[in-house]
Structures are given as structure tokens and as C-alpha cells.
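I opened a new notebook page for this structure. My notes start below the view.

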Amino acid sequence: MKMPLDQVLLATAIGAYVLAALALLVYFFSREDWLRNFGAPLAIAGCVAQFAQLIARYEMTGIWPLLNLYGSLSLFSAMAVAIFIGFAFRYRAWYAGGFVLVLAAIFLAYGATWNEGTLPAVPSLQSYWAKIHVPIVVSSYAAFLVAFVFSCIYLLKYYAERGFMQPQVVAPMATDAGPVVPASPLAVADFTTPVEDSTPALARAAASGNAVAAWLTTLPSLPQLDVIVYRAVAIGLPLISIGIITGAMWAKESWGAYWQWDPKETAALATWIVYLAYMHLHTRHAWRGLRTNWVSVLGFVSVIFCYLGVNIWISGLHSYKV
Amino acid sequence: MTAVRSLYDDFVRTFGNVLFAVSLFVVWGALTIVGVVVDQGKDPSVYFQAYAAPIARAILRLSLDNVYHSPWYVGIVGLILLSLTVCTFKRVIPARLPPLRPIKVDKIPLHAGFEVAGDPETVRERLAAFFGRRGWQIRERLFDGVEWSFADKHNWARRGVLVAHIGFVIIAAGTTIYWARGFSGETAVLTGETVTVPETHATIRLNDFRYAIQPIMTKSGMVYQPIDYVSDVTVTGKDGVPKHYIVRVNHPIDVDGTLYYQSSYGFGMRFRLTDRGVAVPGVPGRTLAEGDSFEVPGTQRSVVYERFVPTVDKQSGMPAADPRVNDPGVVLGVVQGGSSLGEALIPLHQWVDLGDGWRMTPQRYVLYSGFQYRYDPGIPLVGIGAFVLVAGLIVSFYFLPARLYVRVDRTAAGRSHVGVAATTVKGYDVFENEFRRLMVTLRGETT
């Protein structure tokens, strides 16, 4: 039996993700360039196939493809990969690709189990807001997934490094209005030498032949990883804010009130609060780093609860599995 | 006065602390999650069925069954607004435009220093030109006889956090206006009948109600997908002129500033009651909605019209999955002295024996349409607040205000030392790469 085009593209995407994930996972540990050069194009191909699948599905059915869990999870994983690819090029961060792609493939495969075929939209979903609200919210979740992966890498490196670190005094940082402070390892007084790693003890261990330390030095420094997480959250937080606002506007048009304290709305609010806390904590030097990255992990747990937990386990106005 | 002053200082110190604000966020988030996990607005018995008695009692006593309107929730939001206000005046506004002042360049984590040819005045001019070409705003100041240059970029973006805070306050003001002056409610209208909305005195006549349900075969079996709900109404507002409207889901109507929404539908039912074969006129004297009941005359029994069954399976006599009206019936319950005597599914036009010679026959169903209505004068303000909030977030996240402190000192005849340090509102890590690139270019162009 001939397979429909959208199913061919879906299978292509999953296949590409699995292969790319394997290559990039090995690359994470081995840093063999050929693995990155093999995995990166596959990740891009899978992402393109996924977007093509969504377009093909829309063209074939005439129904906006994001109105059920299958469609929205498909966009979620595609956006996660797309955002990651942007970060990978911007920050040379392909080392994280294996984890992003594994999650993308899992969510995509799980979404496929919700594929019930072509169903017309229920009346409350027959709105132009479906084409605005859903992609924005799903994109915010995708950005948080990328932040989550980099937070995990941060935490992995942080705890792995602890074994190599000597007790040291952490200098307080100055802000524009803050006090003048002692020098920190980030100083770049001499441009003939590279910026020092934030943990010289790790570099010494690596130089003395410790394999784990040597591998850890191939990852970006903790502050650099923290900046990447911050950048990803800085994409997700405005998006989820706009998503909640557009959802409220849609709710007002559909249900009569912009806020009904529906489980989905309130779970999204809780997620927003977690990332708002992240952003506020990130302004404090003492909290930036380890603690904010744990908050980022907690935030993604909240995202998953809001996205899947509420849809599947808790009945409410959003109980049409979107 | 000293005690009051001390109290005020403590208050400002506490509420102006970011960690205190984050603690409030944590409580706010936890209460919000409680509202997601614990069913809201249910009868107390529901909680005792769902949870162990001590937990159910705690839920009810702590108002966690209506958490979003509980004193805890409103109080936390109030504290957040208070904290936000104090933080805005204590931290955000003072930090918005930090004063120009000298620093110890090599004590700032992001700093650079190099020697260039030229006397300090010439070098300063070259530096000003360099930064000016790249969009940095240059200002020069003299401190204790030492001339400092300050270069700022995206200085305007320092207002982003302030803008976001203002947006949050505007949203809060908009929702307060609704609480103070708005109202909402719901009403159901039987086809052919008219209701008056108590708050607005507008009348709604339901001329017709239609719905469309499409059976679709899926992998999991037959799904009856609702496609459309349409109410054909005539509404008379303040001007007294009846106007014809079509109301659909996602297409509310606006009558004198109050919006009316299609929210539900159902089946009213006309019943015929007989006593030993003789019809009893006027009982029940009206079309019953699902959940309505009436008393059987001369008895202590009451009959409850529990729900409408659009399709009764002919073979099993049980309700079928098809929500379209094919072979309809009704589920009736009989109650005596507060105790249920049982319930039965009765096909349309067939009678049921109520005992003592009483019989009841469901005769005819009438569709009714449910409307929600809402008057919310705070919506424009909430909309503006949302826009301002998002604008503030975007400015805060995507534009990095940075300041460079530049000092040029003469080292030898015809040579100067350039010292540059950088600070940003988000620490040093986010600016490290850009600072390094900037300094490499600066050194290349000035030496």
C-alpha cells in the first residue's frame, strides 16, 4: 500500500533524528569532527522534513495541522530542533545536539501515537487564533526544551568539575551601579593569550592526563553554558508571555472571558512564573549559574506538566488534546 | 519617629529584595499548581470522595477548593504588586541610568589595557571616533584632574525592566476594574422563548438553534465530532429596537458593550402526566431543562428529568454513543423523602409508571441554547498592559545595555596607555565575547 506523503516525511524525520542523535551523542563524548559533520546535516534534514510534513498535512486535508496533540507535538519537536540548530551555529554547540534530537524523536514518536487521522476542528478551535496562539506557545516550549538540555549539560559539567576544583574565593561581581570589585578570571588584559577557563584546576588535571578532565575541557566553560541557557530562556519567556496573552484573547472570543482559571491556563501561568523567577534570580550574581540552571530544569518539568500532563490527565476547557 | 522610620526601612529592604520577590513567585506558583491539581468549585462531598478525610478537610478549610479567589491567592498577588512597586522605585529606577564615575579599571572583570602611539588628547579623539562609528554614545568627565570617557550602548534599553513592571501594574489595574464594575453570567433560552438578562435588562429571544455533528471513523473507532453550534436570536437592548443576530462559538455579539457568547446547548422536554389514565393539565406546567424536577400531586414523590439521551440503542435499550437525535429518550429519576427510588431510561412517547396510578410520558423535546454574557470595562487596559509587558520583556532580553569606562594616561613622550573596562546590567559573561572582539578591533585600529 502506498504511504501518504505526510507519513513518508514523518518517517524520514524520525529516521534522520535517530541517526543524527546517535552521531551527535557519540560526538558529545568523542569530539570526532566527522560525527558532527555527519549528524548536523541529518538534523537539518530531519527538521526540514518535519516542517514539510506539517505543510503536506495541511495541503492534503485543508485542516490546520496543530489542532491535536499529534500535530502540536510534531511542531514542538520541529521547533526544538530548529531553535537548537540556530544555537548550534551561533554558539558552536553541536555537542548538545544528541540530547535535543533524542527528545525531539521521542516527542515526535509519542505524538504519532495520537494520530487519529483527519478530524475537522471542533467549534471552539475554528478560529484564526489557532494559527497564532498554538505555534507561539509550542515554540516557547521548544525554546525551553533547548534551555533544559543546556542546563543539564551545565549541571553535568558543574558536578563533574567539582571533583577537580580547589577551594577558591568567588569574587563578587560589579554591576553598572555596583561597587568596584577584585579581578576575576574573565579579565582580558593581554590579548595574546586566550581567556582563562573558569576552573584552572580542571585544566591542570587535563594537562596531567586525566581523561575525564580532558573531556570536560572540551565543553564550554560554565559561564558560557549559563549564557546559552539564558539566551534560550530569553526566547521562550517572551514567547510564552505572548502565547498566554493571545490565548487570553482567543478565550475571550470563544468562551466569554479572557481568563477562566482553566487547568491549562493556570499551568501555563505556573510555567511562566517559574521562568519569571529564573529571570529575576539571574540578575543576582550569587544565584546565577548552578541555582538558576536547576530552576531551568524545574521550569521544563513544569512545561511538560502544562503541555502533556494537563492535556492528558486533567479535564478542562483544553481537553481536546492540543 | 525613629521607630516608624526603622519600620519603613525594614519594609523597603524586605520588599525591595529580589529574593523576596522570587519567594513570592514560588508561593504564587505553588498555589497556582494546587488549583490545577485540586478540582475547583466542587461540592464538599466531592473532595471527601477523592481524598482522605483529613486532606479533604484541609482543602476546604484552607479554601483550596476555590484557591484563585481565596485570601491566600489574592494576598500573594497583592504582595507581589507591592514588591514590584518597591523594587521599581528602589532598584529599577535608580539603576536605570547609573551615574558616571571613575573606577579601578583592572579591578573590573572585563577589562583591557594596551599602549598606543600619540598623546592622550589625540588618543581620546581616536577612541571617541572609534566608538562613535559603532553606535556608542560618548561622554567625557573630569574627576580629580583625570579625564574619563564613558561609552554607552543601548542605554535606552535600561528602561526595559521598568516598562515590563509598568505593564504588569496596568494588567492588575485592568482586572481590578472588572472586579469593581464588570459582571458576567449565563442564561439558557428555549427555542421560541425569551429571557431577560438581569444585569442589562436586554431581552434575548431564541428563534432557532442548530448544531452539526459529523461521524468520522478513526483508528480508535467512530468519533462524533461537533462541527458547529448556531443560535439565531433577536436581542433587544437599551434602544428598545429588536435586532437579529447569529451567535456562534468564536463569534460573540456585542449589545450595548456587553458580549454574548455561544456556550452550551441542551434539550428541554415536555412531559404528559396522567392519573389513572386521565391527563393532569398544568403538571408539569413548563418545559423542563435537564436537572429540573416537579412534584407528583398528592404524593411525596418528585420526578427529576436527569438528562436527554439523543439515541437509544434499540437492541439493548441503553444509551448509544451517537449524540445526534435518532431514537431519543430521557433518563428520569424518582425521589421520595430525599431518597432516590431509582431511575429509568424512557424512550420518547413511551410512558413510565410512577406508582399509585400515575404515569408520565416524555412527549416532545425542545432545543435550548446556553449563552454566557460578560461586561468587562477593564479589557482595553488589560490589552494595553499585556502589550507593554511584552514590549518590556523584549527590550530587557534582546538589548544589552553596556557601559565602557575608558581612561587614557600618558606613559612616555608620544605614547599613551589605554585602559578600558566594561559593565552590563546582566553581568559580564553575556558581554565577554563582544568585549573581546571590540577590544581586538580597537587595539588594531588605534595602534
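These entries follow the order in which I looked things up.

**Entry: the model.** I noted at the start that this model is predicted.

**Entry: where the chains meet.** I looked up the contacts between the two chains. I found 65 residues of chain B in contact with 59 residues of chain A. On the side of chain B that touches chain A, helix α2 (residues 18-37) of chain B gives the most, with 11 residues. I then sorted that side of chain B by residue type. It holds 38 nonpolar, 16 polar and 11 charged residues.

**Entry: domains of chain B.** I checked the domain assignment next. It lists domain 1 (2-96), domain 2 (105-154 + 400-446) and domain 3 (272-364) for chain B. I looked up the distance between the C-alpha centres of domain 1 and domain 3 of chain B, and it is 49 Å.

**Entry: the core.** I turned to the largest nonpolar core, which has 197 residues. A:Ala80, A:Val100, A:Val146 and A:Phe150 have the most contacts inside it. Helix α8 (residues 222-255) of chain A supplies the largest share of this core, 20 residues. Beyond its neighbours within four places in sequence, A:Val146 contacts A:Ala80, A:Ile83, A:Phe84, A:Phe87, A:Val100 and A:Ala232.

**Entry: A:Phe99.** I located A:Phe99 in helix α4 (residues 97-112) of chain A. Is A:Phe99 buried or exposed? I count A:Phe99 as buried because 21 other C-beta atoms lie within 10 Å, and the cut-off is 20 or more. Leaving out residues up to four places away in sequence, A:Phe99 touches A:Val149 and A:Cys152. I also checked A:Leu22. A:Phe99 and A:Leu22 are 77 residues apart in sequence, yet their C-alpha atoms are 9.4 Å apart in space.

Note on methods: Residues numbered from 1 in each chain as written. Chains lettered and ligands numbered in written order. Predicted model: local features only at pLDDT ≥ 70, side-chain atom pairs only at ≥ 80, totals over all residues. Contact = placed C-beta atoms within 7 Å. Helix = DSSP H or I, 4+ residues; strand = E, 2+ residues; numbered from the N terminus. Nonpolar A, V, L, I, M, F, W, Y, C, P; charged D, E, K, R; others polar. Domains from an automatic or database assignment. Buried ≥ 20, exposed ≤ 12 C-beta atoms within 10 Å, placed from the backbone. Core = buried A, V, L, I, M, F, W, Y, C linked by C-beta atoms within 7 Å.
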